[in-house]
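Here are my notes on the model you sent over. Have it open on your screen while you read, and take the points in order.

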Amino acid sequence: MADYEQEQEMELEALQAILMDDIKEIDLSESGIDTRARCFEILISPQDDDFDEAARVPVQMALIFAHTEKYPDEPPLVNVKSIRGIKPEDLTSLKEKLDREATENLGMAMVYTLLDSAKDWLTEKYGKNAGDREPEEIEEPAEEVIIPHGEAVTVESFMAWRERFEAELALQRAKLMPESALTTPKEKRLTGRQYFESGRHIVVLSRQDVCHCLFFSLSATYLVIPIYCYTFFFISLLLLRCLSYT
């Protein structure tokens, strides 16, 4: 018996001792593998701590393998199939995963390693806690950058705007001035001193305005005089008392 064959037989014996009824040899027609070598099937269920063996397993799959001529220096032939509740697209993904791992473990017996990997995958994908995994963080959209619109303000544009503004302001002031002031030649206009000396600043009050001014003046006088008298009387009284004590 060649070294490869002996190593393969030793691995089969170890697997049968560990897995017992979960591993069995199957017919080539049931394997889905194109080979003439012996084919074996291993049943796999999710690894749940509170798993009840008496209950019906909701999902279950089978790992099928066959040794090649130079195994373990070349990868085994592997296939996976659903016994109950496994989606076909998930089986395809698992098959690719196991093929990659087989290539990474060349030179050593690897069937049990591939079995563990398949169990972990099944537990993560279809176990009782599969729906309890934290959802992936949703990437928040980047803040929208507000791009200013319109013409940028420069020194030249600001000066041009200022000239227009001052022109409009002067026009508004001209509308408020009397027409005589606008038509008077510049050389005939009075200076501030001449305007004050001319007496034009004096406001002419009407008879009614004069009466109002006199009324308020007299009212203030009638209010102030009694206060002065009372104060004078109070001071005189204090002086008399002081003189009487002396």
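**Notes on the fold, the core and the salt bridges**

1. Start with helix 3, where the buried residues are Asp90, Leu91, Leu94, Leu98, Glu101 and Ala102. Looking down the axis of helix 3, these buried residues fall within an arc of 110°, so they line one face of the helix. Buried here means under 20% relative accessible area, exposed means over 50%, and partly exposed is in between (1.4 Å probe, protein chains only). The arc is taken from the directions that run from the helix axis to the C-beta atoms.

2. Before going further, a word on the source: this is a predicted model, in which local features need pLDDT of at least 70 and side-chain atom pairs count only at pLDDT 80 or more, while totals for chains, interfaces and linings use all residues. Residues are numbered from 1 along each chain as its sequence is written, and side-chain values use heavy atoms, with hydrogens and water left out.

3. Back to helix 3: which exposed residues sit on the face turned away from its buried side? They are Glu89, Arg100 and Glu104. On the buried side, the cover includes strand 3 (60–66), strand 4 (77–84) and helix 4 (111–126). Helix 3 itself (residues 88–104) has 17 residues and spans 25 Å from its first C-alpha to its last, close to the 24 Å expected at 1.5 Å a residue. That expected span is 1.5 Å times one less than the number of residues.

4. For the overall layout, the chain has eight helices and four strands, running α-β-α-β-β-β-α-α-α-α-α-α from the N terminus on. Helices (H or I, at least four residues) and strands (E, at least two) are DSSP runs, numbered from the N terminus. Of the 246 residues, 23% count as buried.

5. Now the core. In the largest nonpolar core, which has 27 residues, Met61, Phe65, Ile86 and Leu98 touch the most other members. Helix 4 gives the largest share of this core, seven residues. A nonpolar core is a set of buried Ala, Val, Leu, Ile, Met, Phe, Trp, Tyr and Cys residues joined through side-chain atoms within 4.5 Å. Met61 is worth a click: leaving out residues up to four places away in sequence, its contacts (heavy atoms within 4.5 Å) include Ile42, Val80, Ile86, Leu94 and Trp121. A second, separate core of five residues includes Ile26, Cys39, Ile64 and Ala66.

6. How many salt bridges are there? The count is five, with a salt bridge being a side-chain nitrogen of Lys or Arg within 4 Å of a carboxyl oxygen of Asp or Glu. One of them pairs Arg38 with Glu25 (3.2 Å, N to O). Arg38 lies in the loop between helix 2 (28–31) and strand 2 and Glu25 in strand 1 (residues 23–26), so the pair ties together parts 13 residues apart in sequence.

7. Another salt bridge joins the side chains of Lys81 and Glu41 (3.2 Å, N to O). This pair links distant parts of the chain, with Lys81 in strand 4 and Glu41 in strand 2, 40 residues apart. Lys81 is partly exposed at 28% relative accessibility, whereas Glu41 is buried at 6%.
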